[in-house]
Amino acid sequence: MAKEYPSYVKVSEMIPIKKTYYRNLLKFDNNLQSNNQNTVVIMMNPSAADANYSDDTVNKVIHALSTISQTIYILNLFPFYEPDSKKLGDLVQKKNNLQIINQNEAAISKAIKSADKIIFAWGDVPKGLPAKLHNERVKAVIKIIEKRNKENSLYVFNYGRKKFLKFISNKKRPLHPSRKNIHSLKSIKSYYFSRSLLRLEFY
């Protein structure tokens, strides 16, 4: 559902400029901070947010980072606006959309280049989406991170209350912010791949 953006942020960049069936990037300037900190958040795929209207998840992320970062980038493993994960897989595999996938990787790479913090928040593989496609996108993101030498800038969100924090799913993937209260950030110590799955280790 479309929401108003918080009054203290403005959309400074959106790729593509006009809303279509995909979105590669949303960039926000946060007027509450002047610390030159850039934070990149990588989720699953876009919901309702665009240059004019936000959604619950994006507003939640903005609020959580409002005291941390002057610039906030919202990106996704998959750039397509599609709530049905079965259809999302079809969009990813269409040859006509290969260029859009490549553009999405380029947007991620550009944002990560200037990032002080990179937050993994894509969640588990949704039903109907082939795990192979999900794993391929995660691997592509890791390759970009390594190319940009940003391995020491990785985080996930902590969710819940102080004594009951959770940051990783039962399937060992970084949790997605939807339907959860963001408490803080948790630093990733290291990572590795096991059977094509990204495994995270924490401090």
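**Which residues of H4 are buried?**

In helix H4, the buried residues are Leu-133, His-134, Asn-135, Arg-137, Val-138, Ala-140, Val-141, Ile-142, Ile-144 and Ile-145, where buried means under 20% relative accessible area, exposed means over 50%, and partly exposed lies in between, with a 1.4 Å probe and protein chains only. The structure is a predicted model, in which local features need pLDDT of at least 70 and side-chain atom pairs count only at pLDDT 80 or more, while totals for chains, interfaces and linings use all residues. Residues are numbered from 1 along each chain as its sequence is written, and side-chain values use heavy atoms, with hydrogens and water left out.

**Overall fold**

The protein has four helices and eight strands, which are DSSP runs numbered from the N terminus (helices: H or I, at least four residues; strands: E, at least two). Read from the N terminus, the order of these elements is β-β-β-α-β-α-α-β-α-β-β-β.

Along the principal axes, the C-alpha atoms fill a box of roughly 40 × 40 × 30 Å, and 49% of the 203 residues count as buried. Among contacts (heavy atoms within 4.5 Å) with a separation of 6 or more, 73% come from residues 24 or more positions apart.

H4 covers residues 131-147 and, with 17 residues, reaches 24 Å from its first C-alpha to its last, close to the 24 Å expected at 1.5 Å a residue; the expected span is 1.5 Å times one less than the number of residues. After H4 comes Asn-149, whose phi is positive, near 55°.

Together, E5, H4 and E6 make a right-handed β-α-β unit, right-handed meaning that, with the strands pointing away from the viewer, the path from the first strand over the helix to the second runs clockwise. Strands E5 (residues 117-120) and E6 pair in the parallel sense over three bridges, pairing being counted if DSSP finds at least two bridges between two strands, and Ile-118 has Leu-154 in E6 as its bridge partner. Strand E6 (residues 154-159) is mostly covered, with six of its six residues buried. E6 also runs antiparallel to strand E7 (residues 182-194), to which five bridges join it, and Tyr-155 stands opposite Ser-187 in E7.

**Nonpolar cores**

A nonpolar core is a set of buried Ala, Val, Leu, Ile, Met, Phe, Trp, Tyr and Cys residues joined through side-chain atoms within 4.5 Å. The largest has 37 residues, of which Val-40, Ile-42, Ile-118 and Phe-120 touch the most other members. Not counting residues up to four places away in sequence, Ile-42 touches Val-141 as well as, among others, Ile-118, Phe-120 and Trp-122. A second, separate core of 23 residues includes Ile-62, Leu-65, Ile-72 and Tyr-81.

Thr-57 lies in helix H1 (residues 56-65) and is buried, with a relative accessible area of 15%. Leaving aside neighbours within four places in sequence, Thr-57 is in contact with Met-43, His-176, Pro-177 and Ser-178.

Ala-51, placed in the loop between strand E3 (38-43) and H1, is partly exposed, with a relative accessible area of 33%. With neighbours within four places again left aside, Ala-51 is in contact with Tyr-5, Val-11 and Met-14.
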